[in-house]
Amino acid sequence: MGSGWHEWPLVIFTVFGQCVAGALIVMGFVWLKENDDKARMRIVRSLFFLWLVMGIGFMASVLHLGFPLRAFNSLNRVGASALSNEIAAGSIFFAVGGFWWLVSVIGKMPPALGKIWLVVSQLLGIVFVWAMTRVYQIETVPTWYTGYTTLSFFLTMVLAGPLLAALLLRVANVTFKGTLAASVSVLAIIVCVAVVVLQSNTLGTIQSSIQQASALLPDYGSLQVWRIALLAAGLGCWICPLIRRQEQKTLGLFAGVVLVVLGELIGRGLFYGLHMTAGLAIAG
């Protein structure tokens with residue numbers, strides 16, 4: 001019972017990792033299209049904050065282990081274990097993207113190689129998020145073993161990533177209209193609402209001999225309302241100035257990022273709170 005916050009290391013790791021993957025895709029495209037070398041360097045420098053967030057996420061994930069010093073043992077079954085694959089995918093994404101950033105920030109990355117390296121890093125971010133989703137596709141956990149899990153993880157990437165990118169690009173003083181990215185995020189929140197409604201109906205059909213999925217989180221509905229409200233308010237901090245054709249404000253974008261991330265942390269906490277052992281589970 002509860003909100004699922006007892007799994008807070010995994011909540012932080014998954015949400016932060018998905019935010020970084022989404023932000024790198026957007027910022028990477030802006031960097032690739034930018035012709036001003038000084039603006040490119042400012043973008044590269046602002047990417048430091050992405051890797052900082054990614055580092056915080058990995059530190060949180062290590063705290064989830066019973067013995068953090070044995071974290072490398074989680075890589076022992078790469079290819080056979082979804083958990084090992086997730087850690088490997090995340091580590092490779094972090095290493096490849098971080099090395100690209102480091103070499104670029106000191107000005108030693110050849111332009112042509114830098115473009116290829118960045119695109120590879122962006123693709124690795126998508127692979128990382130996909131690997132995350134596979135960890136929770138467990139047949140014995142009927143509340144997770146659905147397409148909603150995969151969709152929700154990618155929705156977090158699309159909801160929070162572009163907004164975080166908009167904030168960092170504003171900090172870097174790089175022009176970013178973001179109309180397309182904002183439109184995609186708006187579409188994502190609409191899909192998110194649909195997922196909440198559809199999944200709520202599905203939970204009523206899942207039960208075992210000792211528990212019913214809909215009873216796991218008595219406050220599921222109200223917390224989802226708070227989540228959607230935070231997401232809408234956060235995206236509003238970004239979209240309202242775009243609609244009014246006003247200059248983006250750093251403080252407004254920062255507030256938007258905080259609100260959206262809080263909303264997704266609530267949503268991910270609810271996800272972990274829905275864990276149930278199948279046993280004699282029956283999905284209607």
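**Space inside and contacts around it**

Mentor: Let's start with the inside: the largest cavity holds about 190 Å³ of space. Before going on, note that this is a predicted model, where local features need pLDDT of at least 70, side-chain atom pairs count only at pLDDT 80 or more, and totals for chains, interfaces and linings use all residues. Residues are numbered from 1 along each chain as its sequence is written, and side-chain values use heavy atoms, with hydrogens and water left out.

Trainee: Which residues are the closest to the centre of the largest cavity?

Mentor: A cavity here is a set of points on a 1 Å grid over the protein atoms alone where a 1.4 Å probe fits but cannot get out, and lining residues have an atom within 4 Å of a point. Points are joined across faces, edges and corners, and the volume is the space filled by probe spheres set on them. Out of 18 lining residues, the ones closest to the centre are Ser152, Gln199, Gln224, Arg227 and Gly267.

Trainee: Which elements give two or more residues to that lining?

Mentor: Elements are DSSP runs numbered from the N terminus, with helices (H or I) of at least four residues and strands (E) of at least two. For the largest cavity, the answer is H6, helix H7 (179-203), H8 and H9.

Trainee: How many nonpolar, polar and charged residues does the lining of the largest cavity have?

Mentor: For the classes, Ala, Val, Leu, Ile, Met, Phe, Trp, Tyr, Cys and Pro count as nonpolar, Asp, Glu, Lys and Arg as charged, and the others, Gly among them, as polar. The lining comes out as nine nonpolar, six polar and three charged residues.

Trainee: The whole structure has two salt bridges. How far apart in sequence are the parts tied together by Glu247 and Arg170?

Mentor: Their side chains meet at 2.8 Å, N to O. Glu247 counts as exposed at 53% relative accessibility, while Arg170 is partly exposed at 24%. Glu247 sits in the loop between helix H8 (220-243) and helix H9 (250-273) and Arg170 in helix H6 (residues 147-171), so the parts they tie together are apart by 77 residues.

Trainee: On to the rings: how many aromatic pairs does the structure hold?

Mentor: Rings of Phe, Tyr and Trp (its six-membered ring) pair if their centres lie within 6.5 Å; planes under 30 degrees apart count as stacked, over 60 as edge-to-face and the rest as tilted. By that rule the count is 19.

Trainee: Why is the pair of Phe58 and Phe128 given the class it has?

Mentor: The ring centres are 6.4 Å apart and the planes at 10 degrees, so the pair is stacked. Phe58 is in helix H3 (residues 48-63) and Phe128 in helix H5 (residues 111-135), 70 residues apart. Phe58 and Phe128 are both buried, and the class is stacked.

Trainee: Where do Trp144 and Phe271 lie?

Mentor: These two form a stacked pair, 4.9 Å centre to centre with 15 degrees between the planes. Trp144 counts as buried at 6% relative accessibility, and Phe271 counts as buried at 10%. The pair ties together parts 127 residues apart in sequence, so here are the places: Trp144 in the loop between H5 and H6, Phe271 in helix H9.

Trainee: Which ring does the charged end of Arg268 sit over?

Mentor: The test asks for NZ of Lys or CZ of Arg within 6 Å of the ring centre and within 35 degrees of the ring normal. The charged end of Arg268 is 4.2 Å from the centre of the ring of Phe153.

Trainee: Last one: is Asn173 buried or exposed?

Mentor: Asn173 is found in the loop between H6 and H7. Its phi is positive, about 60 degrees, although Asn173 is not a glycine. With a relative accessible area of 54%, Asn173 is exposed.

How values were computed: A salt bridge is a side-chain nitrogen of Lys or Arg within 4 Å of a carboxyl oxygen of Asp or Glu. Buried means under 20% relative accessible area, exposed over 50%, partly exposed in between (1.4 Å probe, protein chains only). On a 1 Å grid over the protein atoms alone, a cavity is a set of points where a 1.4 Å probe fits but cannot get out, and a pocket is an open set with protein on both sides within 12 Å along at least five of seven lines; lining residues have an atom within 4 Å of a point.
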